Amino acid sequence: MSTISILQPPAPALPEATVRLGIEGMTCASCVGRVEKALKKVPGVASAQVNLATETAEVGWAGGPRDVAALTAAVAKAGYTARVPADNARGAPSAASAWDWWPVALSAALSLPLALPMLGMLFGADWALPAWWQFALATPVQFWLGARFYRSGAKALLARSGNMDLLVALGTSAGYGLSVYLLLAHGGHGMTHLYFEASAVVITLVLLGKWLETRAKRQTSEAIRALNALRPEVARVRRGGQDLEVPVDQVKRDDLVVVRPGERVAVDGVVVEGASEVDESLITGESLPVAKHQGDKVTGGAVNAQGLLVVRTTAVGAESTLARIVRMVESAQARKAPIQRLVDRVSEVFVPVVIVIALVTLLAWGLARGDWEVAILNAVAVLVIACPCALGLATPTAIMAGTGVAARHGILIKDAQALEIAHSVKVVAFDKTGTLTEGKPRLVAAEAAQGDRASLLAASAAIQSGSEHPLARAVLDAARSEGVVFARASQVRAIPGRGVAAQVGGRGLRLGSTRMMEELKVDLGPLAARATQLQEQGRTVSWVADVSGEPPALLGLLAFGDTLKPSAAAAVRKLREQGIRSVLLTGDNRGSAAAVAAQLGIDEVRAEILPEQKAGIVAALKQGHALVAMVGDGINDAPALAAADVGIAMSTGTDVAMQAAGVTLMRGDPALVADAIDISRRTYAKIRQNLFWAFAYNVVGIPLAASGLLSPVIAGAAMAFSSVSVVTNALTLRRWKPGAP
């Protein structure tokens with residue numbers, strides 16, 4: 001059983017404007033670094049993050065006008081192409097059509113006759129083609145199907161840099177050039193061996209690797225495509241007594257949209273007519289349909305199961321929940337994780353170092369052995385196996401797969417940094433109301449110190465009549481259900497973190513916390529024992545006082561009960577199993593907070609705190625270098641969410657909280673907190689695995705190639721396999737499910 005410690009609390013930048021660009025022509029991690037450098041040199045650019053897997057750039061502006069033309073020009077000067085994606089293409093993969101396999105197939109068809117003689121040699125057969133036939137088959141592979149490597153490599157050279165394509169172009173050109181030299185020198189007669197098959201097969205393998213890699217990258221983008229597919233193109237709008245089908249872009253706020261059984265809800269809105277069950281699984285991850293009645297909110301993209309619904313539109317287009325979800329997932333997939341900085345530093349010097357190693361290999365073998373044919377082949381093998389595409393894909397593919405599967409299960413991760421940091425979280429701080437509880441308190445006791453219960457309820461309801469606070473609604477519901485008539489209050493004002501002040505019937509009344517009463521010097525003695533008893537039962541106690549006279553007079557107390565969410569205890573237990581300590585932050589009295597903490601098994605309680613103190617408490621919890629996550633749902637939680645290493649907001653709360661948080665839970669289920677940390681840990685593990693294999697291929701492969709133990713063909717196959725294996729490993733994250741062991 002956890003030990004509960006009750007501690008008293010200790011006495012929070014605007015987001016920069018961003019522009020997203022699609023970047024074409026990148027092939028490896030060094031390309032990413034070059035594009036980022038070019039973008040950062042543009043005046044006004046504060047940050048630039050380029051993602052190889054999504055082929056996008058996120059550019060942050062420090063201020064002033066956003067000169068997109070200057071950005072595209074800078075990218076073009078670096079040797080690449082930048083474009084501003086259309087809104088309706090957001091999240092669409094940049095990969096070509098289903099016919100993009102034909103260069104691979106044609107290259108394989110031309111290379112196969114060149115490679116078959118190598119197989120025949122194993123059986124003692126001589127299947128070698130005539131020399132000029134080899135030349136005829138290899139040349140289109142080298143200069144037509146392999147032209148992309150020359151174009152990209154030339155751009156890199158013009159930008160005084162290097163990339164994967166430059167390595168392929170240099171390596172295969174050396175093998176092809178050696179073969180042409182031998183062909184011309186011997187006139188096609190009496191030659192021992194030509195190496196056309198090496199250059200042709202290497203190009204084929206690289207093309208195959210890029211094609212497989214592109215297919216795999218498409219799968220990592222499935223989450224975005226699935227979300228975009230939820231957007232209906234037309235809506236049935238009721239205008240002038242008629243139901244008209246109009247493009248969804250023409251729907252306006254407050255329009256009445258008719259949703260028939262089996263149709264997708266076209267807009268965000270509120271049900272004004274009808275009742276049904278709605279499947280929101282692809283938006284919230286909730287597996288069961290949710291009942292919707294008049295007054296309930298519905299989200300665009302959900303499927304109406306049974307009844308006819310008439311929905312009053314509250315948000316369309318970019319303002320809709322679905323559009324915001326897509327933006328958040330895209331942002332997370334486009335952003336760069338902190339661990340990627342290591343890859344960036346390595347990739348900056350990688351290609352030049354590889355070229356130097358290849359030259360040393362060439363000279364060492366040529367001068368030491370005098371066999372320049374072997375020297376060239378070994379240098380070609382070094383150039384081919386060292387292609388750093390796996391390094392560039394290791395981190396972003398894992399992030400894309402992790403954020404995508406999390407989104408499918410109702411966990412929206414807004415940026416890659418939150419995803420990476422969350423794996424190391426050691427403390428989770430919970431706001432209570434609306435996070436661990438249903439956020440729908442009810443009045444369970446009204447004890448009068450003066451007068452009777454009805455008069456206390458009348459005074460309390462008068463004070464709260466203009467408020468939308470959950471406790472105010474509980475008071476008003478109780479007064480109405482008991483038929484209590486109450487007057488209209490005037491001069492109503494909220495006192496943050498304390499309560500409400502108002503004038504009712506010529507009297508100055510106050511309704512609020514124990515802190516408020518103590519500051520007003522109200523004597524709570526007559527009901528102090530009863531208040532303690534209620535607090536020990538986990539009730540939230542508020543006081544009502546008349547401050548018209550001197551001293552102020554206590555009118556009574558109100559006790560509220562809020563139901564704990566069914567999964568709250570399990571959520572805390574799952575966190576403990578993950579080795580994470582839980583802390584409860586609440587403005588409630590210490591007795592009530594302690595009762596809730598004991599019921600849920602929470603380790604530590606910070607009670608009777610003001611909203612503005614939450615951020616300070618989060619900062620205090622971070623002392624000792626412990627990473628802290630904050631879970632909340634209200635406006636007053638936003639500073640604490642921003643102060644935490646990882647902010648986790650409930651989507652059932654306010655937009656302000658969601659904007660301040662790095663992670664948003666689309667269902668008000670606290671169990672998703674442990675799931676968010678779990679997918680972070682699994683994603684980070686995949687990143688480390690991918691980086692290990694990406695580095696291992698080069699650390700092992702380059703020395704083997706330089707030592708003459710790898711032919712260019714084997715080197716090309718290993719290089720292609722490295723990229724595909726990294727992406728495939730990341731794709732295993734797609735099998736993750738919440739609560740998975």
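User: What covers the buried residues of α20?

Analyst: This is a predicted model, in which local features need pLDDT of at least 70, side-chain atom pairs count only at pLDDT 80 or more, and totals for chains, interfaces and linings use all residues. Residues are numbered from 1 along each chain as its sequence is written, and side-chain values use heavy atoms, with hydrogens and water left out. Buried means under 20% relative accessible area, exposed over 50%, and partly exposed in between (1.4 Å probe, protein chains only). Helices (H or I, at least four residues) and strands (E, at least two) are DSSP runs, numbered from the N terminus. The cover of α20 includes α18 (525-536), β21 (540-546), α19 (568-577), β23 (581-585) and β24 (604-606).

User: Which residues of helix α20 are buried?

Analyst: An α-helix has 3.6 residues a turn, so residues three or four places apart point the same way. In α20 (residues 590-600), the buried positions are Ser592, Ala593, Ala595, Val596, Ala597 and Leu600. Just after this helix, glycine 601 has a positive phi of about 85 degrees.

User: How many residues has the largest nonpolar core?

Analyst: In soluble globular proteins, nonpolar side chains tend to be buried together. A nonpolar core is a set of buried Ala, Val, Leu, Ile, Met, Phe, Trp, Tyr and Cys residues joined through side-chain atoms within 4.5 Å. The largest one here has 75 residues, and Leu39 and Ile411 are among those with the most contacts inside it. Helix α24 (residues 671-706) gives the largest share of this core, eight residues.

User: Is aspartate 675 buried or exposed?

Analyst: Aspartate 675, in helix α24, is buried, with a relative accessible area of 5%. Its contacts (heavy atoms within 4.5 Å) beyond four places in sequence are Ile411, Lys574, Trp736, Pro738 and Gly739.
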